[in-house]
Amino acid sequence: MCRSIKTLRPPALPEEATEEEIRAAALQYVRKVSGFRAPAAHNREAFDRAVEAIAAATADLLDGLEVRGAVAQRAG
């Protein structure tokens with residue numbers, strides 16, 4: 001879909017993804033899907049809500065994944 005969104009789970013990212021990395025990926029996704037790099041003022045609220053919802057869903061996904069063969073287990 002969007003090649004600029006990097007993989008946020010081990011082994012691509014050996015340590016846990018930061019909130020900043022998760023939000024950046026969510027922002028890239030919303031930009032791609034909406035077609036807006038920066039939305040107009042009348043679309044800003046919906047755009048920002050989508051970024052926050054996708055960031056939360058991404059964090060939930062990463063917290064729930066089990067990566068077999070990972071050196072350290074994630075705390076959760």
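User: Which residues of α1 are buried?

Analyst: In α1, the buried residues are Ile 22, Ala 25, Ala 26, Leu 27 and Val 30, where buried means under 20% relative accessible area, exposed over 50% and partly exposed in between, with a 1.4 Å probe and protein chains only. This is a predicted model, in which local features need pLDDT of at least 70 and side-chain atom pairs count only at pLDDT 80 or more, while totals for chains, interfaces and linings use all residues. Residues are numbered from 1 along each chain as its sequence is written, and side-chain values use heavy atoms, with hydrogens and water left out.

User: And what do those buried residues of α1 pack against?

Analyst: They pack against α2, contact being taken as heavy atoms within 4.5 Å. Helices are DSSP runs of H or I with at least four residues, strands are runs of E with at least two, and both are numbered from the N terminus.

User: How many helices and strands are there?

Analyst: The protein chain has two helices and zero strands.

User: Which residues make up the largest nonpolar core?

Analyst: That core has 11 residues in all, namely Leu 8, Ala 17, Ile 22, Ala 25, Ala 26, Leu 27, Val 30, Phe 47, Val 51, Ala 55 and Leu 62. α1 (19–34) and α2 (44–64) are the elements that give two or more residues to this core, and the largest share, five residues, comes from α1. A nonpolar core here is a set of buried Ala, Val, Leu, Ile, Met, Phe, Trp, Tyr and Cys residues joined through side-chain atoms within 4.5 Å.

User: What does Ile 22 touch, sequence neighbours aside?

Analyst: Leaving aside neighbours within four places in sequence, Ile 22 is in contact with Leu 8, Ala 17, Ala 55, Thr 58, Ala 59 and Leu 62.

User: Thr 58 is polar-looking in that list; where does its side chain reach?

Analyst: Thr 58 lies in helix α2, and its side chain reaches the backbone oxygen of Ile 54 at 2.7 Å. With neighbours within four places in sequence left aside, Thr 58 is in contact with Leu 8 and Ile 22.

User: Back to α1, how many residues does it have, and what follows it?

Analyst: α1 has 16 residues and reaches 22 Å from its first C-alpha to its last, close to the 22 Å expected at 1.5 Å a residue, the expected span being 1.5 Å times one less than the number of residues. After α1 comes Gly 35, whose phi is positive, near 85°.

User: Switching topic, how many salt bridges are there?

Analyst: The count comes to three, with a salt bridge defined as a side-chain nitrogen of Lys or Arg within 4 Å of a carboxyl oxygen of Asp or Glu. In one of them the side chains of Glu 52 and Arg 23 meet at 3.1 Å, N to O, and this pair links distant parts of the chain, with Glu 52 in helix α2 and Arg 23 in helix α1, 29 residues apart.

User: Which others lie within α2?

Analyst: Arg 44 forms a salt bridge with Asp 48, the closest N and O atoms being 3.2 Å apart, and these two are four residues apart in helix α2, separated by about one helical turn. Glu 45 and Arg 49 also meet in a salt bridge at 3.1 Å, N to O, and both lie in helix α2, four residues apart.

User: Are Glu 45 and Arg 49 buried or exposed?

Analyst: Glu 45 is exposed, and so is Arg 49, whereas Arg 44 is partly exposed at a relative accessible area of 35% and Asp 48 is partly exposed at 28%.

How values were computed: Polar contact = N/O pair within 3.5 Å; in protein donor to acceptor, adjacent residues only side chain to side chain.
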